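Subject: A structure for you to explore

Hello,

Here is the structure I promised to pass on to you. Have a look at it in your viewer first, and then read my notes below alongside it.

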Amino acid sequence: MENSKESLSSRFAKVYGSPGEAPRVLGLLRAFWPLLVICFVTGYLLRAWFPHPYLGVSQVGILFFLVAVAAAILLAWGDKRLGNFLKGAKGEEWVAHELAFLNAEYTVFNGLRFGGGKQNFDHIIVGPAGVFVVETKNWKGSVEFHDGKLYAGGREPSRPPLRQVKAAAAELVSFIDDAGCGDLPIHSVLCFLGTKLPQEVMNVNGVVVCTGKKLVEVLQETFDEPIAESMREKVVGELRKVIE
């Protein structure tokens, strides 16, 4: 039984890392940091009123009421932000599940972050066609592209995903160069789940934009000369050091 499991697992991609971990942790921190301010203000009010009050009861009561209103507003706002982060985490988990069924020539890294780096990599895939940086967006509605820019709901997002995935690819190129792995083709991919795109696969300003169901097809497409297996193993070895 164990041999059959090993034989089966050897047919699919090697997978490292935990998908969705970064948005879950960052979501909690970014969504509820205002509560720390509320706790500080509450502590100040208690200290101001007890045991040697220099604020009157009515003053403290009014301030507590204002703090309670602010807390309710911030909690509602934080809950909405957390929901967006968790939705993003679910999107990363879905993509990671699909990537796990790539064949054994591929290696998948989920939720990677380089020491001292600025980028959180949703997914890095090393395969015969090159090294892919995949940014996942689990958005509702539709997006449009004009003059090389992405617009959602008629607006350009505060964190443009095209710029985001390009910055991630640039950081990966720097890492590979520093590791002495040579000049490898790095492909930037922006994958949308539950989002209506003008086309299922398109190239926007040097970034491949695709739907979730077309992602594996994009990764298997040969853009350049296939990377030698020895070079792929060297890149995988350097990325594994980051995980381990």
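**The second largest pocket**

Helix 7 gives the largest share of the lining of the second largest pocket, with six residues. Please keep in mind from the start that this is a predicted model. The pocket holds about 230 Å³ of space. There are 13 residues in its lining, and the closest to its centre are Lys14, Ala104, Thr107, Glu233 and Val236. Two elements each supply at least two lining residues: strand 1 (14-17) and helix 7 (229-243). What classes of residue make up the lining? It has six charged, five nonpolar and two polar residues.

**The protein as a whole**

Now step back and look at the fold. The protein has 244 residues, and 39% of them are buried. Among contacts with a separation of 6 or more, 66% are between residues 24 or more positions apart.

In soluble globular proteins, nonpolar side chains tend to be buried together. Here the largest nonpolar core has 32 residues, and Ile124, Leu172, Val209 and Leu239 have the most contacts inside it. Helix 5 (residues 161-178) brings seven residues to this core, the largest share. There is also a second, separate core of 18 residues, which includes Val108, Ile125, Phe132 and Leu215.

Leaving aside neighbours within four places in sequence, its contacts include Phe145, Leu162, Leu190, Phe192 and Leu197. Met202 and Val204 are also among the residues that Val209 contacts.

**Strand 4 and its partners**

Which residues of strand 4 (residues 130-138) are buried? Nine of its nine residues are, so the strand is described as mostly covered, with buried meaning under 20% relative accessible area. Strand 4 pairs with strand 3 (residues 121-127) in the antiparallel sense, over five bridges. These two strands form a hairpin with two residues between them. Ile124, which you met in the largest core, has Val133 of strand 4 as its bridge partner.

Strand 4 also runs parallel to strand 7 (residues 186-193), and eight bridges join the two. To find this pairing on screen, look for Thr136, which stands opposite Cys191 in strand 7.

Ser188 lies in strand 7. Is Ser188 buried or exposed? Its relative accessible area is 10%, so Ser188 counts as buried. Not counting residues up to four places away in sequence, Ser188 touches Val133, Val165, Lys166, Ala169, Val207 and Val208.

Follow that list to Val207, which lies in strand 9. Val207 counts as buried because its relative accessibility is 0%. Beyond the residues up to four places away in sequence, Val207 touches several others, including Leu162, Ser188, Val189 and Met202. Leu162 is 45 residues away from Val207 along the chain, yet their C-alpha atoms are separated by 7.0 Å.

**Strands 8 and 9**

Strand 8 and strand 9 (residues 207-211) pair in the antiparallel sense over four bridges. One of the pairs to look for is Asn203 with its bridge partner Val208 in strand 9. In a regular strand the side chains alternate between the two faces of the sheet. Strand 8 (residues 201-204) has Met202 and Val204 on a covered face, and Val201 and Asn203 on an uncovered one.

**Two residues with positive phi**

The hairpin of strand 8 and strand 9 has two residues between the strands. Asn205 is found in that loop, and has a positive phi of about 55 degrees although it is not a glycine.

Asp147 is another residue to look at. Its phi is near 55 degrees, a positive value in a residue other than glycine. Where does Asp147 lie? Asp147 is in the loop between strand 5 (143-146) and strand 6 (149-152). Asp147 counts as exposed because its relative accessibility is 82%.

Enjoy exploring, and write back with any questions.

Best wishes

Definitions and conventions: Residues numbered from 1 in each chain as written. Predicted model: local features only at pLDDT ≥ 70, side-chain atom pairs only at ≥ 80, totals over all residues. Heavy atoms only, no water. 1 Å grid on protein atoms, 1.4 Å probe; cavity = no way out; pocket = protein on both sides within 12 Å on 5 of 7 lines; lining within 4 Å. Points joined across faces, edges and corners; volume = space filled by probe spheres on them. Nonpolar A, V, L, I, M, F, W, Y, C, P; charged D, E, K, R; others polar. Core = buried A, V, L, I, M, F, W, Y, C linked by side-chain atoms within 4.5 Å. Buried < 20%, exposed > 50% of the residue type's maximum accessible area, 1.4 Å probe, protein only. Contact = heavy atoms within 4.5 Å. Pairing = 2+ DSSP bridges.
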